[in-house]
Amino acid sequence: MASSKDARRAKVIEVLNKARAMELFAIHQYMNQHYNLDGKDYGKLAADQKRIAIDEMNHAERFAERIKELGGEPGVIMSGKVVPNQDVAAIYEFDSNLEDDTIDKYNQYMKICSENGDAQSAALFQEIIDQEQSHLNYYENTSAHIKNLGTSFLAGIAGTPSSIGGVTKGFVVTGEDG
């Protein structure tokens, strides 16, 4: 029979894996959008999207590392299915909703970690929530610019370079969060 401590640990591993699945989905969705934006010649937007996807990769890895520390097996299933070929305006509204939902769920998961005596996992969720908030702010601001300024905003970005070269740091790490 599993001990109470084992049962609490299993609950924490479960929410860490749910969060990891969300991150895996975000990685694939954001990289798809990166390619789409780059193909439409919106290089700056494409580069930002790639940096945010790199942040999500870091989050997925950190969740996996914590799961392994707790004796669990990191999941490999995405929480959703990638939506391809979105138009530029749809990307930012979609991603704003995704990040807002992520923040809401991670706050719930952080509470579950605390209730089950795992302050370290709760702290991990708090750190990642802060980064997701930076992503949300960026998506909301970009969405507002597209809605308010339309083609003039997009025309100013068209033709910008998308290459971020050898940069392996994400959006939050490079300080490009607004």
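**Ground rules**

I number residues from 1 along each chain as its sequence is written, and I use heavy atoms for side-chain values, with hydrogens and water left out. Since the model is predicted, local features need pLDDT of at least 70 and side-chain atom pairs count only at pLDDT 80 or more, while totals for chains, interfaces and linings use all residues.

**Entry: single helices**

I took helices as DSSP runs (H or I, at least four residues), numbered from the N terminus. For the expected span I used 1.5 Å times one less than the number of residues.

I began with α1, residues 4–39. Helix α1 has 36 residues and reaches 53 Å from its first C-alpha to its last, close to the expected 52 Å. Just after α1, I noted a positive phi of about 70° at aspartate 41.

Next I looked up α3, residues 88–115. The 28 residues of α3 should span 40 Å at 1.5 Å a residue, and the end C-alpha atoms are 41 Å apart, which agrees. At the start of α3, a side-chain oxygen of aspartate 87 comes to within 3.2 Å of the backbone nitrogen of alanine 89. I count this as a polar contact (a pair of N or O atoms within 3.5 Å; within protein, one must be able to donate a hydrogen and the other to accept it, and residues adjacent in sequence count only if both atoms are side-chain atoms). Just after α3, glycine 117 has a positive phi of about 75°.

Then I turned to α4, residues 119–149. Helix α4 has 31 residues and reaches 45 Å between its first and last C-alpha, close to the 45 Å expected. At its start, a side-chain oxygen of aspartate 118 reaches to within 3.2 Å of the backbone nitrogen of glutamine 120. Glycine 150 follows α4, with a positive phi near 55°.

**Entry: helix pairs**

My axes are lines fitted to C-alpha atoms, for helices over the stretch in contact, with angles from 0 to 180 degrees between N-to-C directions. I call a pair roughly antiparallel when the angle is over 145 degrees. A crossing is left-handed if the near helix is turned anticlockwise from the far one by less than a right angle. For residue classes, Ala, Val, Leu, Ile, Met, Phe, Trp, Tyr, Cys and Pro are nonpolar, Asp, Glu, Lys and Arg are charged, and the others, Gly among them, are polar.

How do α1 and α3 lie? Their axes come within 11 Å and cross at roughly 165°. The two helices are therefore roughly antiparallel, and their crossing is left-handed. I sorted the contact of α1 with α3 into 17 nonpolar, 4 polar and 6 charged residues.

For α2 (residues 43–69) and α4, the axes come within 11 Å and cross at roughly 165°. That makes α2 roughly antiparallel to α4. Helix α2 passes α4 in a left-handed crossing. The contact of α2 with α4 has 8 nonpolar, 7 polar and 8 charged residues.

For α3 and α4, the axes come within 8 Å and cross at roughly 160°. These helices are therefore roughly antiparallel to each other, and the crossing is left-handed. I sorted their contact into 16 nonpolar, 10 polar and 7 charged residues.

**Entry: two residues**

Contact here means heavy atoms within 4.5 Å.

What does asparagine 17 touch? Asparagine 17 is in helix α1 and touches Ile67, Glu73, Pro74 and Gly75, leaving aside residues up to four places away in sequence. Its side chain reaches the backbone oxygen of glutamate 73 at 3.1 Å.

I found valine 172 in the segment after α5 (151–157). Not counting residues up to four places away in sequence, valine 172 touches Asp55, Gln131, Ser134 and His135. The C-alpha atoms of valine 172 and histidine 28 are separated by 18 Å, and the two residues are 144 residues apart along the chain.

Technical notes: Angles under 35 degrees count as roughly parallel, over 145 as roughly antiparallel, 65 to 115 as roughly perpendicular and the rest as oblique.
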